[in-house]
Amino acid sequence: MGDFLAAGRKNRTKIWVGAVTLLLVFYLVVSFQRSILLLLDNNPAAKAIGAAYLVLPVIGAWAMIRELMFGAHTEQMAKVLEAEGGLPVDDLPRTPGGRIVRSAADQEFEKYRVEAEAAPGDWRSWFRLSCAYDAAGDRKRARASMRDAVRLFRSKVPA
């Protein structure tokens with residue numbers, strides 16, 4: 001029983017992603033069904049609303065698949081880096097509230113920025129730069145750097 005609980009704690013993020021994904025799929029199916037009902041209505045206004053409403057599940061499905069693939073590629077890259085011993089070590093000092101001390105994160109960030117500039121075609125350097133951006137609190141640039149890492153990783157790894 002203890003192993004089961006430990007595995008549950010370890011995969012908590014995956015469980016939440018699965019739950020949210022199921023809720024989103026349910027919403028998309030209901031939206032699609034409602035759009036079909038509106039398209040089948042004789043009223044031209046209802047048909048127009050149904051056609052417009054049909055776009056929501058298509059965009060939602062595209063976004064969901066894109067984000068799930070992003071997460072899967074990120075996890076795959078992290079496993080490769082872990083096996084190579086190349087994951088950044090999370091040893092930055094933290095505040096009593098658990099947040100990373102900003103000045104320490106900024107100082108560590110500089111090291112990874114220089115590494116990424118020296119090897120712009122290496123997905124590993126972009127992955128580590130993304131982690132440094134995240135530690136410094138710049139989530140937008142962290143995500144952009146990770147997207148660059150995924151793009152480079154996918155171009156190097158056969159499908």
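Colleague: Is the crossing in which H4 passes H5 left-handed or right-handed?

Modeller: This is a predicted model: local features need pLDDT of at least 70, side-chain atom pairs count only at pLDDT 80 or more, and totals for chains, interfaces and linings use all residues. Residues are numbered from 1 along each chain as its sequence is written, and side-chain values use heavy atoms, with hydrogens and water left out. A crossing is left-handed if the near helix is turned anticlockwise from the far one by less than a right angle, and right-handed if clockwise. By that rule, the crossing in which H4 passes H5 is left-handed.

Colleague: Thanks! Is H4 roughly parallel or roughly antiparallel to H5?

Modeller: Helices here are DSSP runs (H or I, at least four residues), numbered from the N terminus; H4 covers residues 102-118 and H5 covers residues 123-135. Angles over 145 degrees count as roughly antiparallel. H4 and H5 are therefore roughly antiparallel.

Colleague: How many charged residues are there in the contact of H4 with H5?

Modeller: Contact means heavy atoms within 4.5 Å. On the H4 side are Ala 105, Phe 109, Tyr 112, Arg 113, Glu 115 and Ala 116, which meet Ser 125, Trp 126, Arg 128, Leu 129, Ala 132, Tyr 133 and Ala 135 in H5. For the classes, Ala, Val, Leu, Ile, Met, Phe, Trp, Tyr, Cys and Pro count as nonpolar, Asp, Glu, Lys and Arg as charged, and the others, Gly among them, as polar. In this contact, nine residues are nonpolar, one is polar and the number charged is three.

Colleague: Moving along to H6, how are H5 and H6 oriented to each other?

Modeller: H6 takes in residues 139-156. The axes of H5 and H6 come within 8 Å and cross at roughly 165°, with H5 passing H6 in a left-handed crossing. From that angle, H5 and H6 are therefore roughly antiparallel.

Colleague: And how many nonpolar residues does the contact of H5 with H6 have?

Modeller: H5 brings Trp 123, Trp 126, Phe 127, Leu 129, Ser 130, Tyr 133 and Asp 134. In H6, they meet Arg 139, Arg 141, Ala 142, Ser 145, Met 146, Asp 148, Ala 149, Leu 152 and Phe 153. Besides two polar and four charged residues, the number of nonpolar ones is ten.

Colleague: Which residues of H5 make the contact with H3?

Modeller: H3 (44-84) packs against H5 at an angle of about 105°, with the axes 11 Å apart. Angles of 65 to 115 degrees count as roughly perpendicular, so that is how H3 and H5 stand to each other. The contact has six nonpolar, one polar and three charged residues. H3 contributes Thr 74, Met 77, Ala 78, Val 80, Leu 81 and Glu 84, and H5 contributes Trp 123, Arg 124, Phe 127 and Arg 128.

Key:
Axes fitted to C-alpha atoms, helices over the stretch in contact; angles between N-to-C directions. Helix = DSSP H or I, 4+ residues; strand = E, 2+ residues; numbered from the N terminus. Parallel < 35°, antiparallel > 145°, perpendicular 65-115°, else oblique.
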